[in-house]
Amino acid sequence: MTADFLLSLAQAITKGLLTGMVYGLMALGLSVIFGVMRVVNFAHGEIMVVGMYLAWMGFEYLQVSPMLSLPVIALIFFGAGYALQRVLISPFIGRPEHQQFLLLLAIAILLVNACLVVAGPDSRGIQLESQFDSYELGPFVFDAVRVHAALTAVVIAGLLWLFFTRTRTGKSIRAAADNNLGALVVGLDVRRLYAFTFGVGAACVGAAGALMITIIPVTPFLAAEYTLLAFVIVIVGGLGSMTGALAGGLLIGVSEAVAGLLLQPSLKSMVSFGILILVLLLRPQGLFGKSGP
Amino acid sequence: MSGARLELDGIGKSFRGLRAVHDVSFDVPAGAINALIGPNGAGKTTIFNMIAGVYRPDAGSVRLDGRQISGLRPDLVCDAGVGRTFQIVKPFKGLSVLENVTVGALHRRPALPEARAYAADILMQLGLHDRRHQAAESLTLPDRKRLEVARALATEPKLLLLDEVMAGLRPTEIDVMVTFLQELNRRTGLTILLIEHVMRAVMALASNIVVVSYGEKIAEGTPAEIARHQAVLDVYLGEAEPA
Amino acid sequence: MTLLARLTGGVPARSLWGLGLLLVLLLVAPALLGKYGLSVLILVLYFAFVGQAWNIMMGFAGQLSLGHALYAGVGGYIAAGLFFHYGIGPWAGVFVAVAAAVAAGSIVGYLGFRFSLAGVYFALLTIAFSEFTRIAFDHWGWAGGSGGLFLKVDATSDILNLRGGPLLFYYVILALAAGTFVLCRALLESRLGRYWLAIREDPEAAQAVGVPVLRCKMIAIMISAALTALAGVWNAFYYNNLFPETAFAMGRSIEFTLAPIIGGLGTLFGPIVGAVVLTGLGEIFTDLSEVFHISGLKQIFYGLALLVIVMYRPAGVWPWIADRFGFGEKRR
């Protein structure tokens with residue numbers, strides 16, 4: 001173990017932590033939706049990719065930095081998610097899993113191919129002015145864009161935390177997530193709550209998309225990968241647990257970065273899936289989940 | 001062999017440190033109808049689940065005809081000769097009433113036509129024959145309770161565990177069920193252990209009653225003895241609806 | 001005769017006649033159809049066959065697998081690899097391929113069922129194993145790695161090595177699809193089949209009436225994996241190439257699930273009807289989108305079609321057809 005190696009390992013870990021925060025934000029959306037509605041959003045990665053494309057278009061055509069377009073995107077996604085739940089998903093709540101799966105698969109196909117039609121199959125990235133900036137802390141060097149993205153993700157997660165703990169709607173959503181039947185019994189307006197939840201989940205993932213585009217370029221083919229990634233993170237952290245989603249994001253972010261360093265970059269998701277299999281078998285409720293499936 | 005069909009010997013079960021059942025022992029003689037009563041949450045269903053193999057007792061043992069069955073999987077307990085119903089009914093919703101019972105009958109009659117014929121016969125006895133082609137999920141609650149009994153009977157058990165099959169039934173329906181069980185017991189000698197809140201049914205059916213409260217057995221005796229038992233009266237004061 | 005009687009018991013005569021007519025039509029179809037028509041029919045039969053195999057897991061036993069590409073991929077790769085490296089023909093290699101897929105299915109099934117994973121959790125486990133294997137094959141030299149494995153395209157017909165034109169592959173896939181259809185009917189009309197349905201509806205209640213749940217689920221995944229591996233072998237020799245990116249892709253697994261879900265889960269005709277609908281729509285949309293020259297348009301039509309089907313026929317197309325035209329089984 002040379003000092004050089006240790007340094008690059010530490011670099012990889014911090015890089016993983018930074019990316020992991022954005023992953024966590026993305027997974028948070030999936031977790032919130034599942035926790036409240038028991039619907040597995042198989043179109044999650046597709047929604048993420050749409051967010052990335054919107055941020056890219058804002059930058060490309062309107063010269064708006066993703067950090068600035070992020071609130072707008074989140075707002076649009078909230079509205080779209082709200083409407084999507086009301087119009088399409090609502091009748092499927094409580095239906096057999098395979099029917100929900102087919103519905104969301106159809107939505108996923110539509111979203112990703114809409115991106116393909118509009119933006120084409122080529123990868124689309126953005127060059128921020130801060131692209132090559134970095135922060136130095138002792139021997140460590142951090143990419144500025146990654147730091148900005150991670151910090152923004154943390155701020156958004158903090159805002160969400162305030163929303164879930166301080167506002168009436170947020171508390172209702174948490175109550176519904178903790179005890180689905182209980183929420184029905186105490187007479188919360190479940191239909192509105194569900195739509196609101198899907199809106200919040202979509203806003204999370206849309207924001208994550210706006211942040212992610214600053215780190216890597218987007219192609220339509222990323223969508224399926226992100227859906228899987230979100231699943232892995234959320235299961236590892238604990239489906240329905242918000243802390244779990246964030247912690248799972250960090251864990252998977254770090255494991256990807258370290259696997260990329262120690263093994264080959266192409267093997268990095270193999271490690272993630274390995275972790276997923278272990279967690280599913282040994283602790284299916286996830287690292288932060290309360291009860292089993 | 002002691003002549004007992006079912007012997008519970010000091011069984012106990014805790015869930016996450018919470019003691020649900022502690023040191024419960026009693027026998028059910030072959031050919032008898034006995035009852036297990038007690039307030040809600042007393043541990044009756046937990047005792048059933050230990051007999052049926054859903055839970056493994058932390059302590060003690062369960063024997064059927066002298067053979068230890070505690071620790072066996074539920075399907076092997078069924079194989080050994082225990083049929084059970086669920087308090088919260090669990091029909092195979094998407095299957096027809098006949099197919100529900102056929103699944104039970106297949107256990108001892110592997111050929112589908114024979115199993116189906118046997119199942120139809122049981123449905124006739126329980127008055128469900130007219131509804132045999134309905135989907136189980138379309139049945140009313142009383143019919144679902146009957147379906148539970150029919151499906152358990154189709155496995156041809158030596159011991160039948162009935163978990164609140166009278167709950168939700170109208171008085172006339174209770175009488176029909178009581179008569180059916182008495183008749184079945186007389187005709188086939190089937191041993192029955194029932195958990196029941198409907199005292200009228202318990203008093204009419206059971207030759208012996210075990211009372212549990214807070215996971216422990218507090219009394220055992222004939223219906224007449226139990227009706228006079230002070231500890232039981234204390235537990236039940238204002239609890240059970242008088243029959 | 002008794003077996004035949006058991007298989008046909010309760011089926012209305014018009015359904016049996018319809019089935020017979022369908023089989024005759026399929027047998028003579030190559031003479032009636034052109035090259036294009038035959039290639040479409042081959043696709044229909046392929047998806048009907050592999051859908052039938054998946055249906056055993058989900059439609060019968062109620063276990064949602066979204067990783068069936070694993071079994072097709074393992075099967076296809078092994079048969080193709082044996083032929084490519086050692087000249088072992090697929091008629092022999094298929095046994096190794098099926099055995100390997102059954103072994104893979106046993107591992108996934110045992111781990112999942114032993115640890116009582118159900119629903120989405122089990123589905124994610126199947127995805128994870130499939131993805132894990134995909135990346136492993138990406139780095140496995142024997143299988144050609146990410147560059148893929150290519151079989152020599154041979155114009156001369158060599159049935160012993162499953163080399164030949166579309167006609168050969170048509171009859172092979174027809175035999176597989178028809179055989180599996182009969183097998184599934186036999187399974188459904190057996191104790192095992194009824195036990196599967198009971199497990200699908202309520203595993204706890206099933207176990208209480210003596211159903212050995214773990215064993216029945218294991219048999220389901222093993223049969224399903226074996227049949228899916230056959231589809232994988234056929235597919236590898238039909239297309240003559242294999243890439244981990246496509247062979248083990250989640251998209252491939254999802255493709256396998258669509259025909260039975262759209263046709264009608266748990267029904268024998270569901271996968272067939274679903275395969276006809278999906279392949280038909282796919283061909284129509286391909287033609288349509290060629291008019292507009294926009295990539296992705298075909299998939300958008302496809303997604304819209306799925307959306308309409310799942311919204312208006314959530315239980316599948318076949319139960320609705322069977323009801324309307326009286327093809328359903330008589331009540332006994």
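Analyst: **Starting from Val22(A)**

Leaving aside residues up to four places away in sequence, Val22(A) touches Ala149(A), Ala150(A), Ala153(A), Ala208(A), Leu211(A) and Met212(A) (contact: C-beta atoms, placed from the backbone, within 7 Å). This is a predicted model, where local features need pLDDT of at least 70 and side-chain atom pairs count only at pLDDT 80 or more, while totals for chains, interfaces and linings use all residues. Residues are numbered from 1 along each chain as its sequence is written, with chains lettered from A and ligands numbered from 1 in the order in which they are written.

Val22(A) is among the residues with the most contacts inside the largest nonpolar core, along with Leu25(A), Val49(A), Ala207(A) and Ile173(C). That core has 291 residues (a core is a set of buried Ala, Val, Leu, Ile, Met, Phe, Trp, Tyr and Cys residues joined through C-beta atoms within 7 Å; buried means 20 or more other C-beta atoms within 10 Å of a residue's own).

Moving on to chain B, 22 of its residues are in contact with 19 residues of chain C. Helix H2 (74-80) and helix H3 (97-105) of chain B each give two or more residues to that side (helices are DSSP runs of H or I, at least four residues; strands are runs of E, at least two, both numbered from the N terminus). H2(B) gives the most, with four residues.

Chain B also has an open sheet of four strands, in the order S2-S1-S4-S5, with antiparallel pairing (strands pair if DSSP finds at least two bridges between them). S2 (18-29) and S5 (67-68) of chain B are at the edges with a single partner strand each, so one side of each has no neighbour in the sheet.

Terms used:
Two residues are in contact if their C-beta atoms, placed from the backbone, lie within 7 Å. A residue is buried if 20 or more other C-beta atoms lie within 10 Å of its own, exposed if 12 or fewer, and partly exposed in between; C-beta atoms are placed from the backbone.
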